[in-house]
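Here's a quick briefing to read alongside the coordinates. Have the viewer open and pick out residues as you go.

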Amino acid sequence: MDKVLDQKLVSSWFDVHQSVPQTYVFPPEKRPGKLKVSLCKSIPVVDLGSHDRRDTIQQIFKASQDFGFFQVINHGVSNKLIDDTMSVFKEFHSMPSKDKANECSKDPSRDCKLYTSSENYANEEVHFWRDALTHPGRTTEKYLQYWPQKPTQYREIVKRYLEEVRNMGAVILELLAEGLGLGAEFFNGGLSDSPMLLSNHYPPCPDPSLTLGLTKHRDPTLITILLQDTVGLQVFKDGNWIGVEPVSSAFVVNIGYVLQIISNSKLKGVEHRVVTNSRVVRTTIAYLIYPSNDNFIEPAKALCNRNPPLYRLMTFKEFLKNFKSKVGHTESVLQTISVSSS
């Protein structure tokens, strides 16, 4: 465990500062700018409980092409489980910093961990206004034994939550696969069997115009399934930032880089960021669907009959290494994974 992690956590000191510490102040060109962006009412909300499968596929596919984002309702995760899970993460993030750090220091592989800003904290020019808890999204004892034991209900509630969200993710991936003209089971197995959970905690900030919870980026996932409790997520569309308004008991789904590669750019990950606010804590729970490290990713052969592949064959591990070395620089990431770079 980082001996001073508990002192670095934003949640351990945010309320004693009347201004944003200099190490969290972004250069003017990267600051949020206009804080009051329009909350987008047009990001589609898809009813997964609909009995018209073809219509659901069309809605999801169109939303993925137009926005790279959509929200889902009637997804099979109960309102009570959603509320219980959000409560347990809020409780975790409000625990004393040393307790949080201790709870996340037992995994010898460091897959279960607590960090602040990003995993590259020591080398960052500017820090992000967030703390984060992450661990594997698999629920077998092999992984569960290293999850936090505090709050006392953490393992029980989060295990049930992850099992339900995994089922929802499988349904969404089936619909996306069919929309692409691939078999419904195309994404089963190695392309989606290494999910991670990530809970971000954004304390109130004295001046949200100076800093960011997360800078502009795309996710290195197949898809990401997000539960959010208040505004803060913004999507870059048509040259403007638009806010993703929370819909009660809905999940936000966004297309990741891996799906962009496999779909040969029929679907594209969209740039998004997180802004802070001065009033309330924001807590999110993300379910990140990843391939296994040794799984090869490339454009699906069935999508390259008329159009040549835009991306080269690589292992997910290689892709992730390239992504992490250039995170936040979309064009640089694209250069390393495109056919022209091979």
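**A look around the model**

Leaving out neighbours up to four places away in sequence, Thr276 is in contact with Trp129, Cys205, Pro208, Thr211, Leu212 and Gly213. Thr276 sits in the loop between S12 and strand S13 (282–289), and it's buried, with a relative accessible area of 7%. Bear in mind that this is a predicted model. The rest is sorted by topic below.

**Overall build**

- The protein chain has 10 helices and 15 strands.
- Its radius of gyration is 19 Å, close to the 20 Å that the globule rule gives for 342 residues, so the chain is as compact as a globular protein of that length.
- Of the 342 residues in the protein chain, 54% count as buried.
- The protein chain exposes about 15,800 Å², and carbon and sulfur atoms supply 49% of that.
- Taking the contacts in the protein chain with a separation of 6 or more, 78% come from residues 24 or more positions apart.

**The nonpolar core**

- The largest nonpolar core has 87 residues, and the members that touch the most others are Ile172, Ile223, Ile225, Phe251 and Phe319.
- Helix H7 (residues 154–179) supplies the largest share of this core, with 12 residues.
- Which residues does Ile172 touch, not counting those up to four places away in sequence? They are Leu48, Phe70, Val72, Ile223, Ile225 and Val253.

**Leu162, in helix H7**

- Leu162 lies in helix H7 and is buried, with a relative accessible area of 1%.
- Not counting residues up to four places away in sequence, Leu162 touches His135, Pro136, Gly137, Thr139, Trp147, Leu197 and Tyr287.
- For a sense of scale, Leu162 and Leu303 are 32 Å apart in space, C-alpha to C-alpha, and 141 residues apart in sequence.

**Two faces of helix H10**

- Helix H10 covers residues 330–337, and its buried residues are Thr330, Val333, Leu334, Thr336 and Ile337.
- Why do they end up on the same side of H10? They cover an arc of only 165° around the axis, and that puts them on the same side.

**Cysteines**

- How many disulfides does a search of the whole structure find? The count is 0.
- The closest cysteine sulfur to that of Cys112 is in Cys104, but at 4.8 Å it's too far for a bond.
- Both residues are tucked away from solvent: Cys112 is buried, with a relative accessible area of 1%, and Cys104 is buried too, at 2%.
- Cys104 lies in the loop between helix H5 (97–103) and strand S4 (113–116).
- Setting aside residues up to four places away in sequence, Cys104 touches Phe92, Arg110, Cys112, Lys113, Leu114, Leu133 and Pro148.
- One of these, Leu133, is 29 residues from Cys104 in sequence and 8.0 Å away in space, C-alpha to C-alpha.

- As background, most residues other than glycine have a negative phi, and most peptide bonds are trans.
- Lys150 and Pro151 are joined by a cis peptide bond, with omega at about -5°.
- Pro151 is in the loop between helix H6 (141–144) and H7.
- Ser249 isn't a glycine, yet it has a positive phi of about 60°.
- You'll find Ser249 in the loop between strand S10 (240–244) and strand S11 (251–255), and at 21% relative accessibility it counts as partly exposed.
- Ser265 also has a positive phi, near 70°, and is a residue other than glycine.
- Ser265 is in the loop between H8 and strand S12 (272–274), and at 17% relative accessibility it counts as buried.

Note on methods. Residues numbered from 1 in each chain as written. Predicted model: local features only at pLDDT ≥ 70, side-chain atom pairs only at ≥ 80, totals over all residues. Heavy atoms only, no water. Core = buried A, V, L, I, M, F, W, Y, C linked by side-chain atoms within 4.5 Å. Buried < 20%, exposed > 50% of the residue type's maximum accessible area, 1.4 Å probe, protein only. Helix = DSSP H or I, 4+ residues; strand = E, 2+ residues; numbered from the N terminus. Contact = heavy atoms within 4.5 Å. Arc of directions from axis to C-beta. Rg over C-alpha atoms; globule rule 2.2 N^0.38 Å. Areas by Shrake-Rupley, 256 points an atom, 1.4 Å probe, with all protein chains shown as cover. Disulfide = S-S within 2.5 Å.
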